[in-house]
Amino acid sequence: MMSFLGYERPDGQVGLRNHVGVISVMDNCNPVTRAVANAVEGALPVTTLFVRGQLGRDLDIAYDTLAGLARNPNIAAIVLIGLEPVTTEEVASRIRSCGKPLEIVNIQLVGGTIEATALGVRHAARLMREASRQKRTNQPLTKLTIGVECGGSDTTSGLASNPSIGFAADQVVAGGGKVVISETSEFFGAEHLFAERAETEAVGQQFLDAVLGFEEEVMARGLDLRGANPSKDNIRGGLTTIEEKALGAMSKAGTSPLVGVLKYGEAPMKAGLHFMATPAPAVESLTGLAAGGCQLILFSTGVGNPIGSVVATTLKVSGNRNTVATFSDNIDFDVSDVIENGSPIREAGGRLFDFTLEVASGALTSSEVLDVRETAISRFEPSM
């Protein structure tokens, strides 16, 4: 049975990394969050925009996503940086169920940013020392949840890197793990084909409702998707239509049946392939996947997209020989042999799956080493 080395968490999940997450409750806490994380080796700054003044659905999404990022198994312990206790508790109450150590710093209560930073550093340093004593243990694929993503797509994406990711994703599902594909608008024009893969009619209809509902929402705002998708860099890379892009993007999901449809940042509860409704821009989508518990994201890029998630380890895959050569600092895995030498997808995908388990067990990716990482929570409504 395939396995990886990971860190066991109190709620039964398994981390691929062992960080202390220093998490902002709202945008005006970001400077303290960054200062605390910068002072402690192994701490990650999870910042956010807005929250203060957000309303209704947006506010719920913000609270739930911040808490989801804290609950991600790659986070061993949390320092929550808030402004005042009421709003901070909205996020803290959503975190406590995971059982991980949680410390709270409210800037107003401790007397400003200098005192808050000092207290946060003390908390984070102690938690990091405690986390560093944990040891990796052998874990089955049933404990692995991966996201599959693409950005800066071109013709090589649909022919090489996306299907290679799809093969690796199928191996995770076959081993009892979870796979989540996102980016709602990437399915436009081919959604009916993906819906046919649903294990039940109800799941297929949920998927269609998510995709077609979003399309109707976009059109109701008077926007023409044909002018925005494929994007300018997609077109430069040779993609011609939204349908062509969708068929290539779908191949990241391999051939496994669709078993679940998730809201933004929602965690899958059963093994198998899931769809998460997220925007297509990478940082928003990666944030949703990480909040949904993905420990690792396989990210295909054709013409080059360097960004990774702060919380979920992001592995960059490319099948474009030019990008592999000129964008090499940000590429982790090369599958250009598929196009250049006729290497079978099974062979390239098998190598990628093996490397995925190496990364799961601790091998670092380019976005981690270079700290090319960002967080952005989607928002849909105006602020107060």
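**Local features of the predicted model**

Valine 369 lies in helix 15 (residues 366–369); helices (H or I, at least four residues) and strands (E, at least two) are DSSP runs, numbered from the N terminus. The model is a predicted one, in which local features need pLDDT of at least 70 and side-chain atom pairs count only at pLDDT 80 or more, while totals for chains, interfaces and linings use all residues. Residues are numbered from 1 along each chain as its sequence is written, and side-chain values use heavy atoms, with hydrogens and water left out.

Valine 369 counts as exposed because its relative accessibility is 58%; buried means under 20% relative accessible area, exposed over 50%, and partly exposed in between (1.4 Å probe, protein chains only). Together with Leu364 and Leu370, Val369 makes a nonpolar surface patch of about 300 Å². Patches are made of residues with over 30% relative accessible area and no salt bridge, like charges being joined within 9 Å and nonpolar side chains (Val, Leu, Ile, Met, Phe, Trp, Tyr) within 5 Å. A salt bridge is a side-chain nitrogen of Lys or Arg within 4 Å of a carboxyl oxygen of Asp or Glu. Accessible areas come from the Shrake-Rupley method with a 1.4 Å probe, and for residues only the protein chains shown count as cover.

An unreviewed UniProt entry lists residues 6–131 as "domain: D-galactarate/Altronate dehydratase second"; such annotations may be inferred rather than shown by experiment, feature names are shortened, and positions are given in the numbering used here. Over residues 6–131 the chain is 48% helix and 22% strand, with 13 Å between the end C-alpha atoms. Threonine 33, placed in helix 1 (residues 30–39), is buried because its relative accessibility is 0%. Beyond its neighbours within four places in sequence, threonine 33 is in contact (heavy atoms within 4.5 Å) with Val22, Ile23, Ser24, Pro45, Val46, Thr47 and Ile81.

Cysteine 29 is likewise buried, at 0% relative accessibility, and cysteine 98 is buried with a relative accessible area of 3%. A disulfide is a pair of cysteine sulfur atoms within 2.5 Å, and the count comes to zero disulfides. The sulfur of cysteine 29 is too far for a bond because the closest cysteine sulfur, in cysteine 98, is 20 Å away. For cysteine 98 the closest cysteine sulfur is in cysteine 294, at 17 Å, also too far for a bond.

Helix 11 (residues 282–291) is mostly covered, with eight of its 10 residues buried. These are Ala282, Ser285, Leu286, Thr287, Gly288, Leu289, Ala290 and Ala291. Glycine 293, which follows helix 11, has a positive phi, near 95 degrees.
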